[in-house]
Amino acid sequence: MLYLKIKDLYKRKFKVAQIAKELKISRPTVYKYLEMTFDEAKAYTELPIGKKKKLDSYKDWILAWLEEYPHLSAAQIHDWLLERYPNLAVGGSTVRSYVKDIREFYQIEKKVTVRQYEAIPEQPMGKQLQVDWGETKQKTTESKEIKLYFIAFVLAHSRQKYMEWQTRPFTTRDAIRCHENAFQFYGGCPEEIVYDQDHLITVSENAGQLLLTAEFQSYGNERKFKVHLCRRADPESKGMIENVVKYIKGNFADSRVFSDIEDWNQRGLQWLMRTGNYQVHQTTKKRPAEVFLVEKQHLKPVSSLLSYESTNNQSITRSVSKDNTIRYKSNRYSVPLGTYQTNADNHVLIEVTGEEPPTLVIRKEAESEIIAEHVISLEKGKLIQNRNHIRDRSKGVEEFKRRLISFFENKTQASGYFDEISQRYPRYRRDQFAIIHQVIKQYPTVIETVLTKCMREKLFSANDFRDMAKHINRLPHEPVKEAKSFYTYPAKYSHIKTSTRSINAYTSILGGLS
């Protein structure tokens, strides 16, 4: 089709530059096709991208993504490839060139929206952090749509980024919690933080006299950073964070499927490590993660415990996951089973003690009883779990076994039988006991006989117990009793004795030897 379009426009006296502009392809491509015959073009299209290239094995993925989401950038496609194939060793320029060829050959146009920003002087290390909020709509695993909210941070010198997501709009308390997490992520606090005029931060600008919300003012006084608010309709003064918000929406969030908020935040941190802070920044021509290693030394250190929290009797909140854990500094800490409740407020308050070692204290509400305490781990990605928070699965099984034993008269024999089953089927004890329980309810009159026979025949299985019960239940019980009385002589014939013969008499009759 591309060949035919080029030939058609050329016959209509279009110049090469006009053809290239009309079809959104390069002029060398136009020249290449004009020099081909139809058969040559047909043969060439059997190898769509020309000679074999490094990304040919992934062409189907790339083409499918571009056809479904034509607006995707080469950088986002690069990130999606790395997400599915972590060991793929390919540079950004290779991906850009390959995506460009795919777009050109298959005529997949990308609509680009350009926004102009005014250049600002480079900030010194540790000087400035820019913060802004954003929101997106994501498709869920249930094919529904959900609105997500995020806060983004970027250090002005290194461009090191951090973000945090939640499923509800941010409050001032949420903003403070995310600031604390960001400071822990960066390992320190900058001199000033740049914000838009957001209602979470400020009440009024008042001609330069900044009126901050009481809660955030108290927090800023404690952390001792300077607040810089941008003037209204002046996004260029914080164009850096504007670009980061756009980058997060367009690269990480765009077309990604949402399952739950904990997984989403975890994938966000992985994206920051893999792409957001690893890829070379187009302005600085350096990797943010590498520059940050130097800038980190210029940040003001922050303590783990906010005196703001202790003096105001307030703690940072954490949401409880379905597995009854909370996240703190890239680790998961357990809370008692049942803390998470469906359709309830699943938030707890956490505090960090100043003692050694630092301890994480978890409460359901301020000044309420402590529900969990954990020594804070210095590692990452760990599950710190209190044994008291683990369901004692053996307790329920043992209670079930005691109930089953109570159905038998010979409890010693029953106990031995169930102990043997527990040893043979340790992972399936409950299933084994459940089958036997059904047998007891179905054949209550024969279970003693069944148990005795199974012990004698060494049939230590619930299925064998059930089969034996079915077999014994089918036996004609009453006729057996009559047969027994037939072979027992009545009392009035007890004086009569039967005659007996020697074995020789029978052998002579049968023709045998005596």
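Leucine 129 sits across from isoleucine 193 of β4, and that pair is a handy way into this predicted model. Strand β1, residues 128–139, runs parallel to β4, residues 192–195, with 3 bridges between them. Zooming out, the protein chain carries 20 helices and 14 strands, and 40% of its 514 residues are buried.

**The five-stranded sheet**
- β1 and β4 belong to an open sheet of 5 strands, ordered β3-β2-β1-β4-β7, and the pairing is mixed.
- The edges are taken by β3 (161–166) and β7 (226–229); each has a single partner strand, so one side of each has no neighbour in the sheet.
- From one strand to the next, the twist averages 25°.
- Helix α11, residues 261–276, lies across β1, β2 (145–155) and β3, and its angle to β3 is about 165°.

**Cores**
- The largest nonpolar core holds 27 residues, and Trp133, Phe153, Tyr186, Tyr195 and Phe225 have the most contacts inside it.

**Phenylalanine 153 up close**
- Setting aside residues up to four places away in sequence, phenylalanine 153 touches Leu129, Gln130 and Val131, along with Gln160, Lys161 and Tyr162, among others.
- Its contacts also include Cys178, His179, Ala182, Tyr186 and Ile241.

**Aspartate 132**
- Aspartate 132 is placed in strand β1.
- Its relative accessible area is 10%, under the 20% cut-off, so aspartate 132 counts as buried.
- Beyond neighbours within four places in sequence, aspartate 132 is in contact with Phe150, Ile151, Ala152, Asp196, Lys238, Ile241, Glu242 and Val245.

**Cysteines**
- Searching the whole structure turns up 0 disulfides.
- Cysteine 178 has 1% relative accessibility, so it counts as buried.
- Cysteine 189 is at 2% relative accessibility and therefore counts as buried.

**The β9–β10 hairpin**
- Strand β9 (residues 325–328) and strand β10 (residues 331–334) run antiparallel, joined by 4 bridges.
- Isoleucine 326 faces tyrosine 333 of β10.
- The two strands make a hairpin with 2 residues between them, and lysine 329 in the turn has a positive phi of about 50°.

**Whole-chain numbers**
- Taking contacts between residues at least 6 apart in sequence, 61% join residues at least 24 apart.
- The accessible surface of the protein chain is about 31,000 Å², and carbon and sulfur atoms account for 52% of it.

Notes:
Residues numbered from 1 in each chain as written. Predicted model: local features only at pLDDT ≥ 70, side-chain atom pairs only at ≥ 80, totals over all residues. Heavy atoms only, no water. Pairing = 2+ DSSP bridges. Axes fitted to C-alpha atoms, helices over the stretch in contact; angles between N-to-C directions. Contact = heavy atoms within 4.5 Å. Core = buried A, V, L, I, M, F, W, Y, C linked by side-chain atoms within 4.5 Å. Buried < 20%, exposed > 50% of the residue type's maximum accessible area, 1.4 Å probe, protein only. Disulfide = S-S within 2.5 Å. Areas by Shrake-Rupley, 256 points an atom, 1.4 Å probe, with all protein chains shown as cover.
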